[in-house]
Amino acid sequence: MSRRAAFRLLLLTGGLAVVGYLVHEAGPAVVWDAFRSLGWRLGLIILFPTGAAIVIDTLAWRLAFLHPPPQGLSFLVGARLAGEAVNLGTPTASVGGEPVKALLLRPRVPLREGLASVIVDKTTVVSAQVLVLAAGLSLSLGWLPLGSSLVIAMAGFLAVEVLCVAGFVVAQLGGAAGRGGRFLAKLRMAPTARGQAMLDGLDQTLRAIYAERRARLVGSGLFHFLSFAAGSLEIYLVARFLGLPVSVGAAFVIGAFGSAVKFLSFMIPASLGALEGANMVIFAAFGLGGAAGLTYTLVRRLREIAWIAAGFACLSVLSARPAPSAEPDARVRG
């Protein structure tokens, strides 16, 4: 086992230990009673908000291509589900599923254009998270004092997210992929000539998307923002079904704060432990109780398991599809 894999396993084990401790502190009976009170409505929570968010996210991804992909929306939804299943279900720091999405699009979409689309889409996702957290901070002042430790912490998180987005965009426009290949060459680990050409082509495609598709990129970011808003209904539904007084606005803010924690704990598989602890603090700050925050996060884990299973099913089906006879490389303009 490599050191990196061992480190990820250690983080996963630590996360599981934290979840166990939090369940003990909140009271297993309290958490179990909350799940029992949800009853059949648990299925509705698992299916509805996330299903809507996935479709909206896929529409956002469709806007991130240099050329409109020939696949229909249902195919792209399946490819997105497959990639996200790899992101959430494997220890790849939430990025291992992105190449999977691009590979599933071949040969109808050339690899470098598919990779460029998922990189740009990831950028608009993070940009939307910045907008979500900024909106969440503004709305939070209706419930929390400006000087509260939670608001101050989230303001700090917002600054980190802004820096990350800026750095990510600068790296893409600066030809990071091609430079990375040439740097590996200096270390005597050079990619093949074809591999280096693909990396340089990826840089060209990224620059073309940012130069020629600016309006579509704005639209992609707005779709991701709407996707988050739809997803925050999950918090509202769980709280209301548990009999807790929460507004749609408060649910949005709670989700925005939780999203920031998930963003900064991306190295921990599925943010296990970090998200549970953070949601207990956030829910308590809104007067909903830490146990409710833990219950919601455990419901979220069940939802993730269900959609991961659906994603791997999509991966199995799509990867077995017969490919067209030729790859349309002529679509890519260098």
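User: Where does P107 sit?
Analyst: P107 is in the loop between α5 (97-105) and α6. The model here is a predicted one.

User: And what kind of peptide bond joins R106 and P107?
Analyst: A cis peptide bond, with omega about 0°.

User: Stepping back, how many helices and strands are there in the protein chain?
Analyst: The protein chain has 14 helices and 0 strands.

User: What share of the residues is buried?
Analyst: Of the 334 residues in the protein chain, 46% are buried.

User: What about contacts between residues at least 6 apart in sequence? How many join residues at least 24 apart?
Analyst: In the protein chain, 76% of those contacts do.

User: Let's go inside. Which residues have the most contacts in the largest nonpolar core?
Analyst: M154, I254, F257, F283, F286 and L288. This core has 36 residues.

User: Which elements give two or more residues to this core?
Analyst: They are α3 (41-62), α6, α7, α11 (233-241), α12, α13 and α14 (290-319). The largest share, 8 residues, comes from α12.

User: What does F286 touch, leaving aside neighbours within four places in sequence?
Analyst: F286 is in contact with W143, L144, A250, V253 and I254.

User: What other core lies apart from the largest one?
Analyst: One of 25 residues. W61, V86, L104 and L105 are among them.

User: New topic: aromatic rings. How many aromatic pairs are found in the whole structure?
Analyst: The search finds 5 aromatic pairs. One of the pairs is F225 with F252, and it is tilted. The centres are 6.0 Å apart, with 45° between the planes.

User: Why does that pair tie together separate parts of the sequence?
Analyst: Because F225 lies in helix α10 and F252 in helix α12, the pair ties together parts that are 27 residues apart in sequence.

User: What about F228 and F252?
Analyst: F228 and F252 form an edge-to-face pair, 5.3 Å centre to centre and 85° between the planes. F228 lies in helix α10 and F252 in helix α12, so this pair ties together parts 24 residues apart in sequence. Both F228 and F252 are buried.

User: Which residues form the aromatic cluster, then?
Analyst: F225, F228 and F252 form one aromatic cluster.

User: Now helix α9. What should its span be?
Analyst: Helix α9 (residues 193-212) has 20 residues, so at 1.5 Å a residue it should span 28 Å. Its end C-alpha atoms are 28 Å apart, which agrees.

User: Which residues in α9 are buried?
Analyst: Q196, L199, G201, L202, D203, T205, L206, A208, I209 and Y210.

User: What do they pack against?
Analyst: The buried residues of α9 pack against α6 (111-140), α7 (149-173), α8 (176-186) and α10 (214-231).

User: Last one: where is S265?
Analyst: S265 is in the loop between α12 (248-264) and α13 (274-285).

User: Buried or exposed?
Analyst: S265 has a relative accessible area of 9%. The cut-off for buried is under 20%, so S265 counts as buried.

User: What does its side chain reach?
Analyst: The side chain of S265 reaches the backbone oxygen of V261 at 2.8 Å. Setting aside neighbours within four places in sequence, S265 is also in contact with S271 and A274.

Note on methods
Residues numbered from 1 in each chain as written. Predicted model: local features only at pLDDT ≥ 70, side-chain atom pairs only at ≥ 80, totals over all residues. Heavy atoms only, no water. Helix = DSSP H or I, 4+ residues; strand = E, 2+ residues; numbered from the N terminus. Expected span 1.5 Å × (residues − 1). Buried < 20%, exposed > 50% of the residue type's maximum accessible area, 1.4 Å probe, protein only. Contact = heavy atoms within 4.5 Å. Polar contact = N/O pair within 3.5 Å; in protein donor to acceptor, adjacent residues only side chain to side chain. Core = buried A, V, L, I, M, F, W, Y, C linked by side-chain atoms within 4.5 Å. Phe/Tyr/Trp six-rings, centres within 6.5 Å; stacked < 30°, edge-to-face > 60°.
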